[in-house]
Amino acid sequence: MSSELIDQLGDQLGPNGLPYVLPIHPNLVHLTLGLFIVAIAFDIVGLLYPLEKPVFKFMAIPAARSNFFDVGWYNMLASAIITFFTVAAGFYEVLLAAPPAGIQSAWGLEAMQTMLWHGVGGVALLGLIVAMTVWRGFQRFVWRRDRSQQVQWSYLAAGLGIFALMFVHGTLGAHLGGEFGVHVTADRLLRIGQDPNALLR
């Protein structure tokens, strides 16, 4: 029964190995990254606002410190929410992946090892982003509610550390697509001996 279901699902997969034309996970990844980076960047600007205030005044830009912190908070919250969907889409697409064997990435990992580390890293980053959101929420609504400086330096340092983890994690994901051709339509067609130029017009 289960083998029949797998065969039936296999018949519905497109040339990229997915039941839809474009992979969802890579697109959601960029949304997660963008929201998180903007959140930390605006909190840094808010923290350094006293130094930047003369520049804003000179350029006639009406900016209040609290506005930067608002952007930081709402982007961090959105990043935490969207990352649940990013990780879910990633696990779904990895279940449908058929990675090639016998190929190593620039980091010396095979496709299955890369997928494993990328999956573990995705769950770890989800946990870190949610923890950062909770930490940010406590700063905004409890610990620093009445202060003009809404975030702690340690919070921003942790955010910059997560940037480094995101770089490593993203590179593993790039290896899956770029070096192993996971869910890359042209790569899959070439592997089964078909001409992508003839089929993808």
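Visitor: Is Phe 138 buried, partly exposed or exposed?
Guide: Phe 138 is partly exposed, at 40% relative accessibility. Buried means under 20% relative accessible area, exposed over 50%, partly exposed in between (1.4 Å probe, protein chains only).

Visitor: What should I know about the model itself?
Guide: It is predicted: local features need pLDDT of at least 70, side-chain atom pairs count only at pLDDT 80 or more, and totals for chains, interfaces and linings use all residues. Residues are numbered from 1 along each chain as its sequence is written, and side-chain values use heavy atoms, with hydrogens and water left out.

Visitor: How many aromatic pairs are there?
Guide: A search of the whole structure gives 5. Rings of Phe, Tyr and Trp (its six-membered ring) pair if their centres lie within 6.5 Å; planes under 30 degrees apart are stacked, over 60 edge-to-face, the rest tilted.

Visitor: Which kind is Trp 135 with Tyr 155?
Guide: Edge-to-face, with 5.4 Å between centres and 90° between planes. The pair links distant parts of the chain, 20 residues apart: Trp 135 sits in helix H5 (residues 111-143), Tyr 155 in helix H6 (residues 153-178). Helices here are DSSP runs (H or I, at least four residues), numbered from the N terminus.

Visitor: And is Tyr 155 buried or exposed?
Guide: Buried, at 0% relative accessible area. Trp 135 is partly exposed, at 24%.

Visitor: New topic. What does Phe 163 touch?
Guide: Leaving out residues up to four places away in sequence, Phe 163 touches Phe 36, Ile 37 and Ile 40. Contact means heavy atoms within 4.5 Å. Phe 163 lies in helix H6.

Key:
Helices (H or I, at least four residues) and strands (E, at least two) are DSSP runs, numbered from the N terminus.
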